[in-house]
Structures are given as structure tokens and as C-alpha cells.
Amino acid sequence: MDVNLVLRSTRVITPEGTRPASIAVSGGTIAAVLAYDAEVPAGARLEDVGDDVVLPGLVDTHVHVNDPGRTEWEGFWTATRAAAAGGITTLLDMPLNSLPPTTTVDNLRVKQEVARSKAHVDVGFWGGALPDNVKDLRPLHDAGVFGFKCFLSPSGVEEFPELDQEQLATSLAEISGFGGLMIVHAEDPHHLAAAPQRSGGAYADFLASRPRDAENTAIENLINQARRLDARVHVLHLSSSDALAPIAAARAEGVKITVESCPHFLTLTAEEIPDGATEFKCCPPIREAVNQDALWQGLADGTIDCIVSDHSPSTADLKTPDFASAWGGISSLQLGLPAIWTEARRRGHTLEDVVRWMSEGPARLAGLTRKGAIEAGRDADFAVLAPDATFTVDPAELQHRNRITAYAGRTLSGVVTSTWLRGERIADHGTLAEPSGRLLERNN
Ligand SMILES: [Zn+2]
């Protein structure tokens, strides 16, 4: 084997645990994880990161890049730079908010062409399931999308309508027929319609307009459909902790269901959101501290499979002080790792747990067998973290296009000192290299 790089640290997180090690890299792939003091092969370059921790590069399967079409909100250049700066080496783009949405093979090709030269990290695509594109699902699957996203309530953009229960069943049957995955924004439209709708700047009014029952009912219905059709489904951005027990019970009886949550549900609480602060608005909403405690319990007991950003930015003018009409979406691509690490540590969790939730789990969800772990044969993707260093979030230092964030002014633990993609350093103390990301297709 022709080793060209050895990355050495006193703390490397491998599937077997954390230990001092030297990672030998050959042609962008991890050739071997060697003893810490292993001799550096002739011709190889040694990079010793000291006591900084080497994690497998993070995998973020929930990002809205919005490119092309709504590039004033975000784009592949800026989003992937934010990802690289935040220790993320792979992201999967959501099918909506770009124009066109990723709902046909032609549209997928348009998006891939736009992303190709701008990707600072590896990029893959989810397809979209709409009421009228059932015939496009298999061609999209064959073209390499990682699965299909659908909404059960209005998505917020008119070109991406939701599915009713009958349409969900039709799409699920089609997708499970070719072994695909359906990922679902699970809020029930009838419960949303029945909830009190009050406009204005009071967060409590907004929270009341997106009740837990809407999530709970949508997830119950989804479990029933998945069971009936033996379909593989994934619950996106879980906020309501009430749904954890039904999900765990369904999984125990063999229903193929997985679930993710997001940094904002796990680190921010409804109680602390100031009135008018719509940088905190997302759907489903950030709920109470007691709900957050239960979500952490769901992580600890393994019910929640992964933590992903749901990075969904917009321009500042759409973040009006009225919670009812402001654009919903929280931007955290660059901050997810320190935000989660800060809170995880406070609750007694380790960086190994964080790796399970933010790298290994999302890689497994997407079937990315070359990502998500530091072991021989995987891509040499790494996030190097100074776990005890702290910083205060300054929006001016963020790489995403519209530097609005719910984390402004917070002091977080964990500084990403460098990020590596297939053995090349793509971020070094916030300085970013030229794009070297690849476009990924589903490999099973
Ligand atoms: Zn989303």
C-alpha cells in the first residue's frame, strides 16, 4: 500500500473506542489505523494534531441548499464551506426550496450540474415525492438519490405540495417495491388546522399553533402505513418527545422506522426564546425544556438514530418579527457539532456518543458505507476537534450566505481546528481550501 499521509493524535475515535493512534491514508482511503508510535512509511507526510481529537467526518443528511432557484437564501458554494468549517464532510441536499425541486431525473441533473464545481464537501441528493410524480420515483432511485422526502402538511413552497394519506400509501408502495426509503416531515394537517392560529411576536402563540399532537398523530399514521406496506420510513426533525415511545414500540415489533432530531431541539428551549426572535422559528417548533430532557433520553436509549442540522436559511427580510408569517428554518450547519457537544457533555455524554449520532448514524441511514467511521477501507474524512476550547458565536464568522443564527452570542465548547476530505485538508482553523467535494450517488 502506498501511504501518502499519516494523521496522528493521542485521541482517535474508532468504532472500538478512543485511543492514541496513527491513521495511515492511501489515495484518499484509510489504509490502516496503526499504533500511535508506528513508523511513518517512506514518502508519507506526518500530520500530528497533538491532543486534539480526531473524529470521523460528520455526515449531515438534512440540509436545504436551495440552489439553483433560491440562491439568495443559500447555495452550494456557501453551504458546503459552512459544512467544511463545521467538521461536516458529507451532506445530503433536501429536494425542496431549490427551483427546480428534485422531483424528476431531469431536475436532479440540473442540480448536480450546479453543485459539481462548488462542492467543498461530498454532496448527495434526496428526491421528492409529490402527489403527481409517482412515475418519477423509480427513475430517480435508479439515478442515485438516497431516498424520497414527503410532507404531510403544507411545505411552505407551492411547488412542493404535501401528500394525503392515500397518496402517501401509493408512494410508499411504489418506493418499498424497489427497496427505497421514504423520509417524512410528520405533522398532521388536521391538527394544525384545528390549533389556534394567532399572528404576532409571542413565541407561546406560535408554539400553540404547532402542537405536539400534530406530530404524534402524523407519526402514528406513518407507523401504521409502514407496518401495513412493510415499507422503510424515517421521521425527520423529531421535536415531540411523546412520539418516542410509539416509535420504539413499533421498531421492537419489526416496523422499519428510524428517526432523527436536530441541534436546535436539543440545545434551545421555548422558555428562552424572546418575543419576535424568529431566527428561532422552525416547524415543528422548539418546545419546552422538559420535552428536551425527554429527547436526550431518546438519544441515550438509542431510539433516536441521528442528529442532523435541518439547516434551512432564508434572506433576512423573510425573518420578520411575526412568528406566523416569518420563514421557518434555523441555520446551524457550521455550529451543530459544538452546540451538541456543549450540551452532550453537560449531560454526561462522551464524544463517542456524538460521533454515533452525527457521523455513524446518518451514514447508516443513507447507506454511505465509506463514511461514518475511522477504520480501514473507509474514506479518509476527519473532523479534528479541540473539545475543551470555547468560543462565542459571532455571526460574522459564519460561512453560510445569510448570517442569521439562533446561536448568536452563545458560548460553545469544541473548536473544529481542521477538516479533512479523502486525505486532503479542506479547512484549517477556519481557512477553507478550493472545492474538492464529489457528487455522491446511493451505492446499494
Ligand atoms: Zn428540512
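Reader: How many helices and strands does the protein chain have?
Author: The protein chain has 12 helices and 18 strands. Keep in mind that this is a predicted model.

Reader: OK, and what's the radius of gyration?
Author: The protein chain has 21 Å. For 444 residues a compact globule would come out near 22 Å, so the value agrees with that. Along the principal axes, the C-alpha trace spans about 70 × 45 × 45 Å.

Reader: How much of the chain counts as buried?
Author: 60% of the 444 residues count as buried. The chain exposes about 15700 Å², and carbon and sulfur atoms supply 49% of that area.

Reader: What about contacts between residues at least 6 apart in sequence?
Author: Of those contacts, 74% join residues that are at least 24 apart.

Reader: Switching to sheets. What's the strand order in the open sheet of 6 strands?
Author: The order is β9-β10-β11-β12-β13-β14, and the pairing is parallel.

Reader: Which strands stand at the edges?
Author: Those are β9 (127–128) and β14 (306–307). Each has a single partner strand, so one side of each has no neighbour in the sheet.

Reader: And over how many bridges do β13 and β14 pair?
Author: Strand β13, residues 257–261, pairs with β14 over 2 bridges, in the parallel sense.

Reader: Last topic, charges. How many positive and negative side chains are there?
Author: There are 39 positive and 60 negative side chains in the protein chain. The centres of the two sets lie 3 Å apart.

Notes: Residues numbered from 1 in each chain as written. Predicted model: local features only at pLDDT ≥ 70, side-chain atom pairs only at ≥ 80, totals over all residues. Heavy atoms only, no water. Helix = DSSP H or I, 4+ residues; strand = E, 2+ residues; numbered from the N terminus. Rg over C-alpha atoms; globule rule 2.2 N^0.38 Å. Buried < 20%, exposed > 50% of the residue type's maximum accessible area, 1.4 Å probe, protein only. Contact = heavy atoms within 4.5 Å. Areas by Shrake-Rupley, 256 points an atom, 1.4 Å probe, with all protein chains shown as cover. Lys, Arg positive; Asp, Glu negative; His and termini not counted. Charge placed at Lys NZ, Arg CZ, Asp CG, Glu CD. Pairing = 2+ DSSP bridges.
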